[in-house]
Amino acid sequence: MAVPTDALPVSPPARTDDPSPPRIVPARRTGQWLAAAVVLLLLAVVAASVVRNDAFMWPVVGEYFTSASVLRGLGLTLWLTAVVMVLGFALGTLLAVMRLSANPVLAHVSHGYIWLLRSTPLLVQLLFWFNIGALYPQIFGVRTVDLLGPVTIAVIGLTLHEAAYAAEVVRGGILSVEPGQIEAAQSLGLGRGRRLRRIVLPQAMRAIVPPAGNMLIGTLKGTSIVSVIAVQDLLYSVQLVYHRTYQVVPLLLVATIWYAAVTTVLSVGQHYVEKHYARGTVGAR
């Protein structure tokens, strides 16, 4: 015998007017807090040992930090960095355009230059240019040793080395531009030069700026290598002092702090430049 459906027991409806929301229990991160505490403890121990260790000679660091010789060396380091970056990227842009050219001669010459300069250490290149007088005693009727001083050789060597890497950075930025943008410029009748200046490079800067900023910081620190050819940059200036006073550690700390300070300023500038060129893109901040 069938039982009528209205005679079956009906369960009470679930209450939906419960004012208390579900309780959210935060995840326990005991391991993370323990690791953070251990790291902070180690940092505190290291900082205390650095501050209390008399071998660091902090009074000597303060004495020479703003001395005239150190500031002159710092000025030359900053000048070298600026000149090498400007000339290096100018030559690197030319090399990048040559490598992307449809002319096989230009493309292969650019590729060969980049391959050669990236395959040899910067120190070897600087020493080669420093001894170029052995190959060419005279240039334009002038003795090579009189025409090419240490600073000039440093600029030439660093610029040629920087250009090889800058060329790849610029080439990568150009290749990052959507082909449709170039096709649209071609349809408007823009020549190759105008397409490069007006369409390609402004958009390529978004991909060029981050590695270019890293190269700038690397160039700043890389200029210290010119001390081997007696260019009185920041490192060579402190070396002259500690060769006289035998206070090696505090003078190296002077150079370290200056390099860190300038690098920090450049990193902040790089952040804002990247933010400027990243406007309108997803994830820009």
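Accessible areas are those given by the Shrake-Rupley method with a 1.4 Å probe. On this basis, the accessible surface of the protein in this predicted model amounts to about 18,500 Å², and carbon and sulfur atoms contribute 67% of that area.

**Figure 1. Overall architecture of the predicted model.** The protein contains 11 helices and 2 strands. Their order along the sequence is α-α-α-α-α-β-β-α-α-α-α-α-α. Of the 285 residues, 29% count as buried. Among contacts in the protein with a separation of 6 or more, 75% are made by residues 24 or more positions apart.

**Figure 2. Geometry of the pairing of helices α3 and α10.** Two packed helices are described by the angle between their axes and the distance between the axes. Helix α3 spans residues 68-99 and helix α10 spans residues 234-245; their axes come within 7 Å and cross at roughly 160°. Angles over 145 degrees count as roughly antiparallel, and α3 and α10 are therefore roughly antiparallel to each other. The crossing in which α3 passes α10 is right-handed.

**Figure 3. Residues at the contact of α3 with α10.** On the α3 side, the contact is formed by Ser 69, Val 70, Gly 73, Leu 74 and Thr 77. These residues meet Leu 234, Ser 237, Val 238 and Val 241 of α10. By class, the residues of this contact comprise 5 nonpolar and 4 polar, with no charged residue.

**Figure 4. Ala 230 in the loop between α9 and α10.** Ala 230, although not a glycine, has a positive phi of about 65°. The relative accessible area of Ala 230 is 41%.

**Figure 5. Tyr 246 in the loop between α10 and α11.** Tyr 246 is located in the loop that joins α10 to α11 (248-277). The phi of Tyr 246 is near 65°, a positive value in a residue other than glycine. Residues count as exposed over 50% relative accessible area; Tyr 246, at 68% relative accessibility, therefore counts as exposed.

Methods:
Residues are numbered from 1 along each chain as its sequence is written. This is a predicted model: local features need pLDDT of at least 70, side-chain atom pairs count only at pLDDT 80 or more; totals for chains, interfaces and linings use all residues. Side-chain values use heavy atoms; hydrogens and water are left out. Axes are lines fitted to C-alpha atoms, for helices over the stretch in contact, and angles run from 0 to 180 degrees between N-to-C directions. Helices (H or I, at least four residues) and strands (E, at least two) are DSSP runs, numbered from the N terminus. Angles under 35 degrees count as roughly parallel, over 145 as roughly antiparallel, 65 to 115 as roughly perpendicular and the rest as oblique. A crossing is left-handed if the near helix is turned anticlockwise from the far one by less than a right angle, and right-handed if clockwise. Contact means heavy atoms within 4.5 Å. Ala, Val, Leu, Ile, Met, Phe, Trp, Tyr, Cys and Pro count as nonpolar, Asp, Glu, Lys and Arg as charged, and the others, Gly among them, as polar. Buried means under 20% relative accessible area, exposed over 50%, partly exposed in between (1.4 Å probe, protein chains only).
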